[in-house]
Amino acid sequence: VREAVVSTQSTGVFIEKSMGEQQQIMQAQDEQLNLVGKSIGRLKEIGTLIGDEVDDQNELLDEFYGDMGQTEKRMSNVQRKMDKILEKVDGKKQNCIIGVLLVIMIIVVILFFST
């Protein structure tokens, strides 16, 4: 009888000890899960910030491409006008204009360095 009581008490102690260890393990797991949850929350915040920054950059790029399109149209217009002017002026006139501009440039350089 006495052995049965001791055995029952040992079993009770073992169960209490096992339950205490399991509670400690569960508590440690809960703490780790809380840390993981906080890390996931921070990653979500960072992801949101990155997404917002990408959206801002996309808006800036859209504006930039719009400006580039306008500039390209202007450059095309200037090129067409230059082509028309060059068509009107033949080779002899071009050479004459270049010669006159060269003489004017030489005079300006001489005047600049002589003063």
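View 1. The protein chain exposes about 11,100 Å², of which carbon and sulfur atoms supply 64%; accessible areas come from the Shrake-Rupley method with a 1.4 Å probe, and for residues only the protein chains shown count as cover. Because the model is predicted, local features need pLDDT of at least 70 and side-chain atom pairs count only at pLDDT 80 or more, whereas totals for chains, interfaces and linings use all residues. Residues are numbered from 1 along each chain as its sequence is written, and side-chain values use heavy atoms, with hydrogens and water left out.

**View 2. Helices and overall extent.** The protein chain has two helices and zero strands, these being DSSP runs numbered from the N terminus (helices H or I, at least four residues; strands E, at least two). Its radius of gyration, taken over C-alpha atoms, is 43 Å, well over the 13 Å that the globule rule gives for 115 residues, so the protein chain is more spread out than a compact globule; that rule is 2.2 Å times the number of residues to the power 0.38. Along its principal axes, the C-alpha trace spans about 135 × 40 × 20 Å.

View 3. Asp52, Glu53, Asp55, Asp56, Glu59, Asp62, Glu63 and Asp67 gather in a surface patch of negative charge. Lys and Arg count as positive and Asp and Glu as negative, while His and the chain ends are not counted; a charge is placed at NZ of Lys, CZ of Arg, CG of Asp or CD of Glu. Glu59 belongs to helix α1 (residues 2–88) and is partly exposed, at 49% relative accessibility.

Technical notes
Patches are made of residues with over 30% relative accessible area and no salt bridge: like charges are joined within 9 Å, nonpolar side chains (Val, Leu, Ile, Met, Phe, Trp, Tyr) within 5 Å. A salt bridge is a side-chain nitrogen of Lys or Arg within 4 Å of a carboxyl oxygen of Asp or Glu. Buried means under 20% relative accessible area, exposed over 50%, partly exposed in between (1.4 Å probe, protein chains only).
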